[in-house]
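Good morning, and thank you for joining.

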Amino acid sequence: MSNAKNTSHSQGSRESQDSQEPQETENTTDRHAADDDRPAPMEVLRQARAQLAELTGLAPESVSSFEQTADGWALEVEVLELVRVPDTMSLMASYQVELDPQGQLTGYRRVRRYERGRADPRGGR
């Protein structure tokens, strides 16, 4: 009798383990599939810089802001617009860049121009 009890208990444990395993596997798989759809943040930065350069013909020098939004990604990219001598007099520009969740550029606009050697009078923007 004790053998039957142990056997049924063992089988019950195995059945509950078996029923849990597919759930864990499915949840893990779903999580990985969702992660695979979205590029890593560094990849988004690289794509944004490359796409902006291709569209404007200007080389991005830095990214001054970067955030994930409900619609994808938003960045502010600093570019050199006009080379002058001395370099501190060169004209720089900030571009606001919007990307979809996969990192494809959906829009951009220049939000300001400034001389490289000048501090921003608006306190950071």
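**The core and the charged pairs**

The largest nonpolar core has 14 residues, and those with the most contacts inside it are Leu52, Leu75, Val77, Val79, Tyr95, Val97 and Leu99. Helix H2 (41-56), strand E2 (72-82) and strand E3 (91-99) are the elements that give two or more residues to this core. Please bear in mind that this is a predicted model.

As for the overall arrangement, the protein has two helices and four strands, which run α-α-β-β-β-β from the N terminus on. Of the 125 residues, 25% are buried.

I turn now to the salt bridges, of which the count comes to seven. Which residue forms a salt bridge with Glu81? The partner is Arg113, with the closest N and O atoms 2.7 Å apart. Because Glu81 lies in strand E2 and Arg113 in strand E4 (residues 105-115), the pair ties together parts that are 32 residues apart in sequence. Glu81 is buried, at 18% relative accessibility, while Arg113 is partly exposed at 44%.

Glu115 in turn forms a salt bridge with Arg84, at 3.9 Å between the closest N and O atoms. Arg84 lies in the loop between E2 and E3. Glu115 also meets Arg118 in a salt bridge, at 2.7 Å from N to O. Glu115 is buried, whereas Arg118 is exposed.

Finally, a network of salt bridges links Glu61, Asp87 and Arg116.

Key: Residues are numbered from 1 along each chain as its sequence is written. This is a predicted model: local features need pLDDT of at least 70, side-chain atom pairs count only at pLDDT 80 or more; totals for chains, interfaces and linings use all residues. Side-chain values use heavy atoms; hydrogens and water are left out. Buried means under 20% relative accessible area, exposed over 50%, partly exposed in between (1.4 Å probe, protein chains only). A nonpolar core is a set of buried Ala, Val, Leu, Ile, Met, Phe, Trp, Tyr and Cys residues joined through side-chain atoms within 4.5 Å. A salt bridge is a side-chain nitrogen of Lys or Arg within 4 Å of a carboxyl oxygen of Asp or Glu.
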